[in-house]
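Look at the sequence and the 3D view, then read on.

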Number of protein chains: 2
Amino acid sequence: MPAKPEILKLSPIANSRLFHIEAMELRFSNGVERRYERLMTGGNGAVMVVAINEYNQVVLIREYAAGLDDYVLTLPKGLIDPGEDALTAANRELQEEAGFAADQLTFIKQLTAAPNYMGHRIDVILARSLSVSKLEGDEPEPLEVVLWPLDNLPELFARDEFSEGRSIAALCLVEQLLRTT
Amino acid sequence: MPAKPEILKLSPIANSRLFHIEAMELRFSNGVERRYERLMTGGNGAVMVVAINEYNQVVLIREYAAGLDDYVLTLPKGLIDPGEDALTAANRELQEEAGFAADQLTFIKQLTAAPNYMGHRIDVILARSLSVSKLEGDEPEPLEVVLWPLDNLPELFARDEFSEGRSIAALCLVEQLLRTT
């Protein structure tokens, strides 16, 4: 692996409520210089929850996704609040978005979305020993909850409305873990 | 599934070479109004290539990822050029980034990265019948190519340097397909 490129200059390009665009002037170890742009994250990170119930079903939500201007089927997820740890955030998001609380929470892996131009990271959390528990969230409308059999992931992955790489990855990682333990 | 929210207003917020930030004023079917921000894509989409050689190894590359300011292990990928179709783009990127051409190219699935706030989509392409063929790309430095046994994905997924949700998803989808056909 070559030495990391030297950062010659970092300059903010644009900021909005959600996004922070930054330019990077880089010199690679072979002397080549390039200008990159990347999206930075503030905040405390994010969590994505794979919640499995006693019937070996995974808890999915159907919500409006502004990036696609369409409803998608996905896993509960959200930002970690200040002072919160990832497991607590996962249990809160699960209650807000899907109406379940978990007694057992396990960190699985930190995923990136598009590391070439984004700093965003999300912690995948496995949630088990579920019980019904609803917390009020900031959703503009109630989310539809869908319980999907964990032993039929191929049919879920074939659906156009289930397209998020991180959600497919999270389910594969959990399915692999449960298969081998 | 509720009716899609009505888009009351779309306004550009900021543009850079790579990023286009847009504000959306939405009215949900229950009457609730919200302001969203999203990242739009221009261009013709992108491809991610799962190339499998005759030894059942998948072709990985190690490249600098500006979003993380670090080297990552990932799949060959890139933007579709104007006038190019996804399979042609996949074969070009595979030659530019990893030095292989494929005789057999199959579309697997279109993935999204973070659909809640990004319109970005990437086509996963399975590439087989590989031969050595190098094309010059726009990389600032040569990429390291790593051949990884397809029957040992759990060890790959456990590595911190292999963190991209879309890459893990793409490998799972291909492994699932090859296992059942």
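Q: Which residue of chain A forms a salt bridge with Lys4(B)?
A: This is a predicted model. A salt bridge needs a Lys or Arg side-chain nitrogen within 4 Å of a carboxyl oxygen of Asp or Glu. For Lys4(B), the closest N and O atoms are 3.6 Å apart. The partner is Asp69(A).

Q: Which element gives the largest share of the side of chain B that touches chain A?
A: Several elements of chain B give two or more residues to this side, including the strands β1 (6-15), β2 (20-27) and β8 (100-112). The helices α2 (153-157) and α3 (165-180) are also among them. The largest share is seven residues, and it comes from α3(B).

Q: How many charged residues does the side of chain B that touches chain A have?
A: By class, this side has 37 nonpolar and twelve polar residues. The charged residues number 22.

Q: What area is buried between chain B and chain A?
A: In chain B, 71 residues are in contact with 71 residues of chain A. There are 38 residue pairs in polar contact between the chains, both residues at pLDDT 80 or more. Carbon and sulfur atoms give 60% of the buried area. That area is about 6100 Å².

Q: What relation superposes chain B on chain A?
A: The superposition takes a rotation of 180° with 0.0 Å of shift along its axis. The RMSD is 0.0 Å. That is therefore the relation of a two-fold axis.

Q: Why do the copies meet through the same surface?
A: Compare the interface residues of the two chains. The copies meet through the same surface because the interface residues of chain B are also interface residues in chain A, at a share of 100%.

Q: What area do domain 1 and domain 2 of chain A bury between them?
A: The domain assignment gives domain 1 (6-40) and domain 2 (46-180) in chain A. Their centres, taken over C-alpha atoms, are 31 Å apart. Four residues of domain 1 are in contact with four of domain 2. The buried area is about 310 Å².

Q: How many residue pairs are in polar contact between domain 1 and domain 2 of chain A?
A: The interface of these domains has zero salt bridges. Polar contacts are found, with both residues at pLDDT 80 or more. The number of such pairs is two.

How values were computed
Residues are numbered from 1 along each chain as its sequence is written. Chains are lettered from A and ligands numbered from 1 in the order in which they are written. This is a predicted model: local features need pLDDT of at least 70, side-chain atom pairs count only at pLDDT 80 or more; totals for chains, interfaces and linings use all residues. Side-chain values use heavy atoms; hydrogens and water are left out. Contact means heavy atoms within 4.5 Å. Buried area is the accessible area (1.4 Å probe) that two parts lose on being put together, summed over both. A polar contact is a pair of N or O atoms within 3.5 Å; within protein, one must be able to donate a hydrogen and the other to accept it, and residues adjacent in sequence count only if both atoms are side-chain atoms. Helices (H or I, at least four residues) and strands (E, at least two) are DSSP runs, numbered from the N terminus. Ala, Val, Leu, Ile, Met, Phe, Trp, Tyr, Cys and Pro count as nonpolar, Asp, Glu, Lys and Arg as charged, and the others, Gly among them, as polar. Copies are superposed by least squares on the C-alpha atoms of residues with pLDDT of at least 70 in both. Domain bounds come from an automatic or database domain assignment.
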